[in-house]
Amino acid sequence: MALLRASGEHSGEDVDLNAINGALDQASGIAHDTILIDFAEAFALSDQARLAAARQTLQETLGPAALADAAGVVAVFDAVVKIADATGIPLEDAKAAATDDVRGDLGIDAFRDHAAD
Amino acid sequence: MMIPESLAYAAGPAGMRDDLIGAHQRAWQRLARTGTWWRGEERLAIAAEVRNAPACPLCAERKVALSPNMVQGSHASVAALPAPAIEAIHRIVTDAPRLTERWYQGLLENGLSDGQYVELIAVLATTITIDSFTDALGLARHDLPEAEAGAPAGKRPAGAKGGLAWVPTVAPEDVTEAEAGLYDGLAGVNIHRALSLVPDEVKGFFDLDSVHYLPDAKLRDFGAGLRAIDNAQIELLAARVSAINQCVY
């Protein structure tokens, strides 16, 4: 999240972080955001019909190399989140502080509340 | 070792990077090798169980329960692995956001060692990364390789300590000669430390991660242009997948 914000600042884009939690109702400020979000969501939700369509749109719009790179990102983050969850590794204090202003608004801090024992 | 022909990605999208293909081939070979705590045959059994877990009826029932502990039963498994390893694989694959330290301690009480658990996570993460890549592209998954023979050394880093995570980890300042190079090319932040109880798995997984995502040294090099999508687009994809997975990290 901090890197998303920082990369937007670098390019002069005013990034709307609501894109992260699916609450985006306007342009995020990132090029081709809706195409990328559709691809990420279809993949993460295992919606095969939606994924096939999103894949085709992404390839036609951004090109085959971009499709491969986008697939690489969603694939490895599908695994990284499991490493984090399964080891109980905490978010660094500095990273939490850097995104503290938006974590609550986006509902991200509530995710751990789902844990049951 | 024979690598499945599909790992050349002749059926993949045009312009696939050679470094991505090379990393997949290395990762697939690693899966079959003797690990630190598991034999090659057992590592491939873990990979097979990772593929099987989403079809487990018990996991499906637990997933929709208010608490996974409310639903008792046996996992539908395909691999000859100890019961706590099967439980670990199924829960991490199907319900990771609701894992707890108490659940992890239960695995240890039932005979799984912390080293076995960490290596299991690394094998699981490697399998998921490559399977998810082919799934995202609409390609067939690769056949698992043939196991290599050998006995695990069971070697534990001298500098591993508890306190940061559920599992013991090695801080950058506690790396000894025995695991030299553990954090080469990495900042040694918490996510890099997560698998450090099994140093070879840190090197292996982040060899894969650096070509899927970005090399650690380039994370804030916003003009590097290493990928066909820019950094903001990469971070958007990463953040959206992490949010759907309810990951707080």
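B:Asn245 is partly exposed, because 19 other C-beta atoms lie within 10 Å. The burial scale works as follows: buried means 20 or more other C-beta atoms within 10 Å of a residue's own, exposed means 12 or fewer, and partly exposed is in between, with C-beta atoms placed from the backbone. B:Asn245 sits in the segment after helix 9 of chain B. Helices (H or I, at least four residues) and strands (E, at least two) are DSSP runs, numbered from the N terminus.

Leaving aside neighbours within four places in sequence, B:Asn245 is in contact with A:Ala44, A:Val81 and B:Pro97. Contact means that the C-beta atoms of two residues, placed from the backbone, lie within 7 Å. B:Asn245 and B:Thr129 are 116 residues apart in sequence, and their C-alpha atoms are 14 Å apart in space.

## Model and numbering

This is a predicted model; local features need pLDDT of at least 70, side-chain atom pairs count only at pLDDT 80 or more, and totals for chains, interfaces and linings use all residues. Residues are numbered from 1 along each chain as its sequence is written, while chains are lettered from A and ligands numbered from 1 in the order in which they are written.

## Chain A

Chain A has six helices and zero strands. Its pattern along the sequence is α-α-α-α-α-α. Of its 117 residues, 41% are buried. Among contacts in chain A with a separation of 6 or more, 29% join residues 24 or more positions apart.

## The interface

Chain B puts 67 residues into the contact between the chains, and chain A puts in 66. On the chain B side, at least two residues each come from helix 5 (101–109), helix 6 (114–137), helix 7 (190–193), helix 8 (199–212) and helix 9 (231–244). Helix 9 of chain B gives the most to this side, with 14 residues.

By class, the side of chain B that touches chain A has 43 nonpolar, 15 polar and nine charged residues. Ala, Val, Leu, Ile, Met, Phe, Trp, Tyr, Cys and Pro count as nonpolar; Asp, Glu, Lys and Arg count as charged; the others, Gly among them, count as polar.

## The largest nonpolar core

The largest nonpolar core holds 99 residues, of which A:Ala70, A:Val74, B:Ile89, B:Ile121 and B:Leu124 touch the most other members. Helix 4 (residues 64–87) of chain A gives the most to this core, with 16 residues. Such a core is a set of buried Ala, Val, Leu, Ile, Met, Phe, Trp, Tyr and Cys residues joined through C-beta atoms within 7 Å.

B:Leu124 touches A:Lys82, B:Ile46, B:Val50, B:Ile89, B:Ile92 and B:Val93, not counting residues up to four places away in sequence.

## Helix packing in chain B

Helix 2 (residues 40–52) and helix 6 of chain B cross at roughly 55°, and their axes come within 9 Å. Helix 2 of chain B is therefore oblique to helix 6 of chain B. Axes are lines fitted to C-alpha atoms, for helices over the stretch in contact, and angles run from 0 to 180 degrees between N-to-C directions. Angles under 35 degrees count as roughly parallel, over 145 as roughly antiparallel, 65 to 115 as roughly perpendicular and the rest as oblique. The crossing of helix 2 and helix 6 of chain B is right-handed; that term applies if the near helix is turned clockwise from the far one by less than a right angle, and left-handed if anticlockwise. Helix 2 of chain B uses B:Arg43, B:Ile46, B:Ala47, B:Val50 and B:Arg51, and helix 6 of chain B uses residues including B:Leu120, B:Val123 and B:Leu124. The contact has seven nonpolar, one polar and three charged residues.

Helix 3 (residues 57–64) and helix 4 (residues 83–95) of chain B pack at about 50°, with axes 10 Å apart. Helix 3 of chain B is oblique to helix 4 of chain B. Their crossing is right-handed. B:Cys59, B:Arg62 and B:Lys63 of helix 3 meet B:His90, B:Thr94 and B:Asp95 of helix 4 in chain B. These residues divide into one nonpolar, two polar and three charged.

## Positive phi

A:Ser46 has a positive phi of about 50° although it is not a glycine. A:Ser46 lies in the loop between helix 2 (33–44) and helix 3 (48–62) of chain A. A:Ser46 counts as exposed, because it has 10 C-beta neighbours inside 10 Å.

B:Tyr9, also not a glycine, has a positive phi of about 55°. B:Tyr9 is placed in the segment before helix 1 (18–32) of chain B. With 21 C-beta neighbours inside 10 Å, B:Tyr9 counts as buried.
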